[in-house]
Amino acid sequence: MGNKNKISLLIFALIIFTLPAILQNNYHLMVLNVAALNIMVVIGLNLLMGYAGQISLGHAAFFGLGAYLSAIFTATCGFPLWPAMIMAMVIAGIVAYTIGIPTLKLEGHYLVMATLGFNIIIYIVMVQFDAVTGGPSGFAGIPRLRLGDFTFQSDRQIYYLFWALSIAVLFFSMNLTHSRVGRAMAALSHNEIAAGCAGIDTDGYKVKIFVISGVLASLAGSLYAHYITFISPGTFGFFYSIQVVTMVLVGGMASLWGSVFGAILLTLLPEVLHAVQEYNVLIYGLILMAVLVFFPRGLFPGIAGVFAKRRTAVPPDSREQLALEKRVWCRK
Amino acid sequence: MVQEVTFQGNQKILETREVTLRFGGLEALNGLSFSVTPHQIVSIIGPNGAGKTTLLNAITGVYSPHCGEIFFHGTPISRLKPFQIAALGINRTFQQAQLFSNMSVLQNVMVGMHPKTRAGFLSGALHPPGERREEKKIRERAESLLEFFGLVPKADWTPGHLSIAEQKRLEISRAMASEPELLLLDEPVAGLNIRETEALGDLIIRLKERGQTIILVEHNMHLVMGISDWLIVLHHGSKIGEGRPEEMQKDSQVVEAYLGR
Amino acid sequence: MTLSLQIFQFILSGLTTGSTYALIAIGFSLIHNATGIVNFAQGEFVMLGGMFMITFYTFLKLPMLLGFVLTVFSVAAVGLLLERGPIRHARSKEILILVMITIGASIFIKGFSMILWGKNPMTLPPFSGEAPIVFLGAAVMPQSIWIFGITIGVVAALNYFFKGTMTGKAMRAVAASRRSAMLTGIPVDRMILLSFTLSGALGAVAGIILTPITTTSYDVGVMLGLKGFSAAILGGYGSMPGAVVGGLLLGILESLAAGLISSEYKDALAFLILLTALFFKPSGIMGRGRLRQV
């Protein structure tokens, strides 16, 4: 990735890691912790939607799988923490692979329907399989996050862990989008047939990126479970799938930074709307519609353009005003 | 630089045998058989709807023939997927240039190198030295290709801002990036003026001189007669003639197909 | 009760819910045929049908028939507003964006209903009493007969509309090829508006006839919409006979699964059936496969 991106990442990390000194309210930290986890999910989804050109309305299922599997492995089966989370990720990956292969052959709304159906099936299993999952009343007593002897007790400690992981995910994803695979995915999202004829295994990449996005969501879900120490099916329903897709769209599908800010914005938004709790749903729908109607490319592509390595080459006799940020997606 | 292509032996580089392809009730390709000798420019001509683009799609794996087989260096390829065929050494351009307008001109060519490069997800994410070296080589080769095709000043532009002639050249350079033995060009000079057509024609000849085998689908008879070594004439999905350009000009069946009775 | 009689009973009740799924599925197909998008607010139209009817009939004490007509018009108006508003003014015509807009609309409508009508489930009295009628040994609710009858009536009316009237034929033309329709002078925009309005009306009808059996609340729209959508896909997306077949089939399979296997997992089973159908024949039971054009 270009130097501009590296600097931006550094500045972002700096801001993030100095924030806790300013924020004394634990509740604020908690919201930001959840935002960090949402960023992980949203980055995976952005790779899937923006780069591989596929849509999933079922990612809450992977988030939930990560949460429940990790909870069950640690609390019920007594496995150690990090291996349990990794096992959950592996299982989520296998599930993503299994449903990915037939699903990604479907087009457009069939794909949407399949991911949605998958989400609902998993949700129902979470609710009904109550011997294992605790049913609608949820699963409590999930062990906290630990590294060796150190247990992450406070929101503040969790903050550093989650944001470190989140920024790492962002860093690796940015590398990826600037690499050979990133170009292949961008090509695939733009013109699948031409990409195939150019030598890109389009089906293979679609499945792989689906798996990666599922695994990322699973990781986020596991971290969530061990943070809140209590989970219930309601968190992992269809509405969360819509929320994360909204974060990607609001942020702008063309850029990872857009997704980061979209995730932060839309995690904070319901908290801001807390005062009008009843209107939460209505306003969410209104914002979703408004952004999509008026800003179909997202709210942040302009900012992403700032971070992208600026191209100064403009066609000399062009009379149109060219929005630079609309022109080049992939950075060198 | 464009790689010189060397080829051993006398074998046909491409051969189709009784290839038949149906769309619903329509037979787009009907028992088509022909073969292509390496290092030549073979032009496929015929009236609209004769099946020329369908043939290219069949060769590159976009469609699978219902009957018959296609051989590349003797290996059957009709069941392979497009990306596998590209990896074997066949690449193509499209009737309307299918460029990736979400990336720069240079990046379009870099993408073309996909089958010849290796870095995967892990290397892409971790960015180790081996991957950095490969990226550097990709960029250098892409730049040299742009130089050959005269597109270096516009390397950072998006394809949408190029002229049609430049877009066509870009698409060819992207196809050449994968170092294909066999290059399929689908109406490369459609929409170009006389000067641009001549320039592209010269470019194609230069590619052939470097050892490239080229199958050309074209309507522009002047170009076809000027640069082809061999002509194959299609009509309603069947081959109605093949031979050297001068011979085909005189062939009555061919003339009839073009002008009607 | 013997097993075969039980199964017969399940099938009958499956036909009941299946009929409403069919109506919802037709609503989906209408909009998809005209615009290519999936209208995720369709389920909310159904919910609104029940809610408006309750408002007119139960709260405002209007006669049932009048309430019925007013409800249909009201929800049709909602459909109209959806098209004229967000959909028409959307700056991007990409299908994904438009679909997400309908999702936004469905969330908005849901939130609106929650505030307007509260969260408690409400219901309508059955149209003609509750005494079950015995049919071939199985018990049939009179409401079910209303549902069958009205559904058949609606489907017949739609059939006549599409085959016998100019407007209906114009809509079919738009579905077949938008550009050709435009070239022959058909006002495509108006046809699209009509498709949304009609879908609203259909949703309303489905909601009204179903509510006496299943009750309604602000959040039933999601599930109903999804099931209707599943039915549409099961039967072959875009075809009206397919929607009917898909709806009835889904209703029956769901009922059988609930009765014979497990009623808790019945929703999951419905979607499992859908996924399986999608994986093996994406074009649906009555759909035709499509060859990709290059």
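**Exercise 1. Are α3(A) and α10(A) parallel, perpendicular or oblique to each other?**

The model is predicted, so that local features need pLDDT of at least 70 and side-chain atom pairs count only at pLDDT 80 or more, while totals for chains, interfaces and linings use all residues. Residues are numbered from 1 along each chain as its sequence is written, and chains are lettered from A and ligands numbered from 1 in the order in which they are written.

Step 1. Helix α3 (residues 59–76) and helix α10 (residues 202–228), both of chain A, pack at about 50 degrees with their axes 7 Å apart; helices here are DSSP runs (H or I, at least four residues), as strands are (E, at least two), numbered from the N terminus, and axes are lines fitted to C-alpha atoms, for helices over the stretch in contact, with angles from 0 to 180 degrees between N-to-C directions.

Step 2. Angles under 35 degrees count as roughly parallel, over 145 as roughly antiparallel, 65 to 115 as roughly perpendicular and the rest as oblique, and α3(A) and α10(A) are therefore oblique to each other.

Step 3. The contact (C-beta atoms, placed from the backbone, within 7 Å) involves residues of α3(A), including A:Phe62, A:Phe63 and A:Gly64, and residues of α10(A), among them A:Ala217, A:Gly221 and A:Tyr224.

Step 4. The residues of this contact of α3(A) with α10(A) divide into 10 nonpolar, 10 polar and no charged, where Ala, Val, Leu, Ile, Met, Phe, Trp, Tyr, Cys and Pro count as nonpolar, Asp, Glu, Lys and Arg as charged, and the others, Gly among them, as polar.

**Exercise 2. Determine which element gives the most to the side of chain A that touches chain C.**

Step 1. In chain A, 34 residues are in contact with 39 residues of chain C.

Step 2. Two or more residues of that side of chain A come from each of α5 (108–128), α11 (238–251) and α13 (280–294).

**Exercise 3. Describe chain B by its secondary structure and its radius of gyration.**

Step 1. Chain B has 10 helices and 10 strands.

Step 2. Its radius of gyration (taken over C-alpha atoms) is 19 Å, close to the 18 Å that the globule rule (2.2 Å times the number of residues to the power 0.38) gives for 261 residues, so chain B is as compact as a globular protein of that length.

Step 3. The C-alpha trace of chain B spans about 65 × 40 × 40 Å along its principal axes.

Key
Contact = placed C-beta atoms within 7 Å.
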